[in-house]
Amino acid sequence: GLPLTFLLGFYVSLVVKRWWEQYCKLPWPDNIAIYLKGLVLGDSALLIRRTIIRYCILSYILCIRRLSVRLRKRFPTMEEIIRSGLIRPDEAMRIGDENSPQMYGSNWWMPLKWSAEILTKAQQDGSIKSAPGFNGLLNQVATFRSDLTGVATYGHIPVPLVYTQVVTLAVYTYFGVSLIGEQWLLDDEVDLYYPIFMTIKFLFFFGWLRVAETLYNPFGEDDEDFELNELLNRHFRVAMNIVEDKEDPPDLQKDMFWGQTEPELTDLYNKDMDNTADRDMEKKR
């Protein structure tokens, strides 16, 4: 059982590692939105900021929908994306129908290219006055593109099928042979009528294999898969709220720790619990 343990352990470790890294590589638009809010100023600043956020979310959908069953059902064609308001018909004509079956046949990178061009024009027009800030904005857009590429690469290059087949065959063969190999002979003195330890190994090994099968493709529709629709709604709502000019920040006021050389946070919960305990003790007296 030791070689099978190593074989299955390495396989499960690889699958879980890929599963977690794919989620960590999913880009969040919050950093881009904060950079845009702080650096893009002027009369057309709001239009620039909202357009770039829209383009980032559009690239997110066009890239991930090729991997995710949930997003592909929500946006099966460009018509649904147009109706959602994330893209105009003239922009959709430039990108194409996005139905190419080829691995690298998508133009999901094009809205990010437009974002870079909009930022460049904004700097030339004076909407972005800081040169280091302009460089930081371009780096944020490039990082967003790099993260999407990393997620797409995981989807295009899965775990080799032969590795999965070898592990599955090894587990089933091992327990198929064990059903016969671990039975008592007729001449043996039977000490244990039910194979308890064999059952425990069966549960652990098959449970391990089931974990790998469940996490193998995190872009499906199972309960353990990524809930990308909710995540996408969150990204769009939060990023648009960050770049908006709906209200001013709170007024600057001195906080309650003003003037303290060594400020400390008061643990109000423990303090209330101590006061309650003291009152209970007084009542008992």
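Guide: Gladly! Let us start with a definition: two residues are in contact when heavy atoms lie within 4.5 Å. In this chain, 75% of the contacts with a separation of 6 or more are between residues 24 or more positions apart. Please keep in mind that this is a predicted model.

Visitor: What elements does the chain have?

Guide: The chain has 12 helices and 0 strands. Of its 285 residues, 34% count as buried.

Visitor: Why is F204 called exposed?

Guide: Exposed means over 50% relative accessible area. F204 has 61% relative accessibility, so F204 counts as exposed. This residue lies in helix 10, residues 196-215. Together with I196, F197 and I200, F204 forms a nonpolar surface patch with about 460 Å² of accessible area.

Visitor: And why does E98 count as buried?

Guide: Buried means under 20% relative accessible area. E98 has 6% relative accessibility and therefore counts as buried. E98 sits in the loop between helix 6 (89-95) and helix 7 (110-125). Its phi is positive, about 60°, although E98 is not a glycine.

Visitor: What makes R94 exposed?

Guide: The cut-off for exposed is over 50%, and R94 counts as exposed because its relative accessibility is 62%. R94 is placed in helix 6. Leaving aside neighbours within four places in sequence, R94 is in contact with M110 and W114. The C-alpha atoms of R94 and P111, 17 residues apart along the chain, are separated by 10.0 Å.

Visitor: How do you know that E21 and K17 meet in a salt bridge?

Guide: The rule asks for a side-chain nitrogen of Lys or Arg within 4 Å of a carboxyl oxygen of Asp or Glu. For E21 and K17 the N to O distance is 2.8 Å, and their side chains meet in a salt bridge. Both lie in helix 1 (residues 2-25), 4 residues apart, about one turn of the helix. E21 is partly exposed because its relative accessible area is 24%, and K17, at 48%, also counts as partly exposed. By this rule there are 14 salt bridges.

Visitor: Which side chains meet E91 in salt bridges?

Guide: E91 meets R54 at 3.0 Å, N to O. This pair links distant parts of the chain: E91 is in helix 6 and R54 in helix 3, 37 residues apart. E91 also meets R88, at 3.1 Å. Salt bridges that share partners join R54, R88, D90 and E91 into one network.

Visitor: Buried or exposed: how do E91, R54 and R88 count?

Guide: Buried is under 20%. E91, with a relative accessible area of 3%, is therefore buried, and R54, at 12%, counts as buried. R88 is partly exposed because its relative accessible area is 42%.

Visitor: What makes a set of residues a nonpolar core?

Guide: Its members are buried nonpolar residues joined through side-chain atoms within 4.5 Å. The largest nonpolar core has 49 residues, of which L36, I53, Y60, I64, I81 and L228 touch the most other members. Helix 3 gives the largest share of this core, 13 residues. Apart from it lies another core, of 15 residues, among them F175, M198, F205 and L209.

Visitor: Which residues does I64 touch?

Guide: Not counting residues up to four places away in sequence, I64 touches L26, L71, L148, V151, F219 and L228.

Notes
Residues are numbered from 1 along each chain as its sequence is written. This is a predicted model: local features need pLDDT of at least 70, side-chain atom pairs count only at pLDDT 80 or more; totals for chains, interfaces and linings use all residues. Side-chain values use heavy atoms; hydrogens and water are left out. Helices (H or I, at least four residues) and strands (E, at least two) are DSSP runs, numbered from the N terminus. Buried means under 20% relative accessible area, exposed over 50%, partly exposed in between (1.4 Å probe, protein chains only). Patches are made of residues with over 30% relative accessible area and no salt bridge: like charges are joined within 9 Å, nonpolar side chains (Val, Leu, Ile, Met, Phe, Trp, Tyr) within 5 Å. Accessible areas come from the Shrake-Rupley method with a 1.4 Å probe; for residues, only the protein chains shown count as cover.
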